[in-house]
Amino acid sequence: MTPEARKVERRPAGTEEFRDEQRATCCVIGCGPAGAMLGLMLAREGIDVLVLEKHVDFLRDFRGDTLHPSTMQIMDELGLVDGLLDLEHTKALRIEARLPGGAITVADLSRLKTRYPYITFMPQWDFLDYVTGEAKRYPNFRLEMEAEAKELILEDGIVSGVRYETSEGPREARALLTVAADGRSSPFREQASLKMVRTSPPIDVLWFKLSRHDGDPKDTFGYAGGGRFMAVINRGEYWQIAYAIRKGDYQKVRADGLEAFRRSVGETIPDLADRTEELQDWEAVKLLSVQADRLRRWHRPGLLCIGDAAHAMSPVGGVGINLAIADAVAAANILAGPLRERRVRSRDLMAVQLRRELPTRAIQAFQSVAQRRVISSSLGPDGGPSLPAPARALLRLRPVRDLPARIIAFGIWPEHVKHREPPGRSGRTPLAREESVK
Ligand SMILES: Cc1cc2nc3c(=O)[nH]c(=O)nc-3n(C[C@H](O)[C@H](O)[C@H](O)COP(=O)(O)OP(=O)(O)OC[C@H]3O[C@@H](n4cnc5c(N)ncnc54)[C@H](O)[C@@H]3O)c2cc1C
């Protein structure tokens with residue numbers, strides 16, 4: 001099916017309203033990692049897809065910038081990994097923790113059997129520019145920036161699209177399937193009467209950057225001790241730093257003042273004490289209110305939620321972007337056929353949830369243990385992570401020792417691209433690939 005954008009004149013009784021109407025087989029709300037990947041994969045399958053993004057560009061700092069081996073494998077299967085690795089990035093082969101008693105390796109990805117045994121750090125906006133650039137090669141992919149979805153269109157209990165705002169006025173997108181990939185504050189879950197299961201993570205995170213100097217360590221570290229927990233990520237020219245605080249303590253940290261905050265950073269990581277002055281004001285420090293929740297049901301007729309909209313993840317392990325991408329791959333694998341046949345049943349949507357819910361819940365459980373046992377306990381008066389004796393004994397066994405690296409790298413149930421060759425190339429679906437258009 002070719003994209004069809006119709007301008008229709010609508011005059012509801014008593015008004016002079018004009019509304020642009022777009023039609024697509026699938027309308028995706030939100031062009032984060034989940035929405036961009038779903039858009040690309042459906043376009044590649046020959047599906048007419050419209051992606052709506054409320055922002056003018058993808059420039060947002062401190063988002064999920066951590067591409068794990070599972071995502072690199074997916075990009076490889078899409079034939080896009082070389083182009084991705086041409087973009088500026090850094091790699092972490094292992095994650096170490098510096099504790100008062102000495103350093104330990106938390107996860108050694110270099111020992112894993114994969115072509116990409118490392119975490120690739122890359123600004124999320126570069127990743128999204130790249131994915132949408134590839135998607136735009138397909139004429140059946142449309143991306144509307146500065147298009148903020150407002151309200152689901154419900155007809156006889158079935159979602160048949162969404163109303164949205166643009167700089168040129170209100171529009172409607174009519175679609176066989178609408179996908180909410182608009183992140184962890186998605187209003188469409190409530191509009192669709194989908195219920196959330198919420199948890200109460202004990203921490204929040206402050207993100208900031210400090211410059212990297214010649215002679216600095218190369219690796220990515222966690223620091224725990226003295227009542228503090230920080231993760232320090234090598235981003236090439238700078239360190240990206242996560243400073244954990246107890247949930248709700250942000251105002252107290254601010255009230256104590258920037259100087260006290262700088263001192264605390266320098267005391268925890270003496271290697272960086274010489275440059276904490278770079279934090280000139282609180283604008284340089286971004287609060288991530290850690291949230292972990294999930295929908296009981298990810299769908300209703302005509303609507304599917306994926307990524308953070310279906311399950312907000314804690315930043316522990318940097319898995320959020322990778323799970324969002326895995327959701328998109330599963331959704332495209334399962335739904336491309338029904339969308340092509342223009343018959344998406346509830347059981348198709350349920351199949352996406354069934355495939356992704358268990359891996360998501362398992363990772364959330366893993367994060368919850370790490371938050372309570374390691375991070376939150378580091379912030380307490382005893383100031384050190386506590387591991388019960390049986391867990392310590394288990395950690396000496398090699399398969400258990402490799403478990404954190406495996407979970408971080410692949411999650412519980414890695415997704416793979418069903419059609420390594422786009423269907424158009426094998427002649428099953430007409431797919432005019434415009435090689436010249438980027
Ligand atoms: C400060 C911070 C740090 C993080 N650090 C990490 C990390 O280190 N590693 C990691 O893996 N994860 C991290 N995460 C989480 C990670 O960014 C998310 O898990 C991941 O981006 C989820 O992808 P998504 O596509 O589901 O949603 P999002 O990335 O939230 O994307 C949603 C998109 O929808 C758009 N949108 C929202 N509402 C509308 C609307 N009404 N109409 C149209 N468009 C809309 C948004 O602008 C956005 O582009 C972090 C998150 C934050 C906030």
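Predicted model: local features only at pLDDT ≥ 70, side-chain atom pairs only at ≥ 80, totals over all residues.

Begin by selecting β11 and β12, which a hairpin joins through two residues; helices (H or I, at least four residues) and strands (E, at least two) are DSSP runs, numbered from the N terminus. Strand β11 (residues 158-166) also pairs with β10, in the antiparallel sense and over six bridges, where pairing requires that DSSP finds at least two bridges between two strands. Within that pair, E151 has R163 of β11 as its bridge partner, and in the hairpin of β10 and β11, which has two residues between the strands, D156 takes a positive phi near 55°.

Residues are numbered from 1 along each chain as its sequence is written, and side-chain values use heavy atoms, with hydrogens and water left out.

Next, select β4, β8 and β5, three strands that form an open antiparallel sheet in the order β4-β8-β5. Because β4 (66-67) and β5 (90-92) stand at the edges with a single partner strand each, one side of each is left without a neighbour in the sheet. Strand β8 (residues 119-121) pairs with β5 over three bridges, and T120 in β8 is the bridge partner of K91.

Now move to D65, in the loop between β3 (49-52) and β4. Is D65 buried or exposed? D65 is buried, with a relative accessible area of 6%; buried means under 20% relative accessible area, exposed over 50% and partly exposed in between, with a 1.4 Å probe and protein chains only. The D65 side chain reaches the backbone nitrogen of Q124 at 2.9 Å, and a polar contact of 3.1 Å joins the side chains of D65 and R235. A polar contact is a pair of N or O atoms within 3.5 Å; within protein, one must be able to donate a hydrogen and the other to accept it, and residues adjacent in sequence count only if both atoms are side-chain atoms.

Select helix α2 (residues 69-77) next: eight of its nine residues are buried, so α2 is largely enclosed by the rest of the structure. The buried residues include P69, M72 and M75, and α2 is followed by G79, whose phi is positive, near 75°.

M75 leads on to the largest nonpolar core, which has 75 residues and in which M37, M75, F127 and L304 have the most contacts. Such a core is a set of buried Ala, Val, Leu, Ile, Met, Phe, Trp, Tyr and Cys residues joined through side-chain atoms within 4.5 Å. Helix α8 (residues 320-340) gives the largest share of this core, 10 residues.

Finally, display the ligand and the 31 residues around it, of which E53, H55, F62, G64 and D308 come nearest, a residue being counted as near if one of its heavy atoms lies within 4 Å. A backbone N or O atom of D308 lies 2.8 Å from an oxygen atom of the ligand, and a backbone N or O atom of G318 lies 2.9 Å from an oxygen atom of the ligand. The largest share of the shell around the ligand, three residues, comes from α8.
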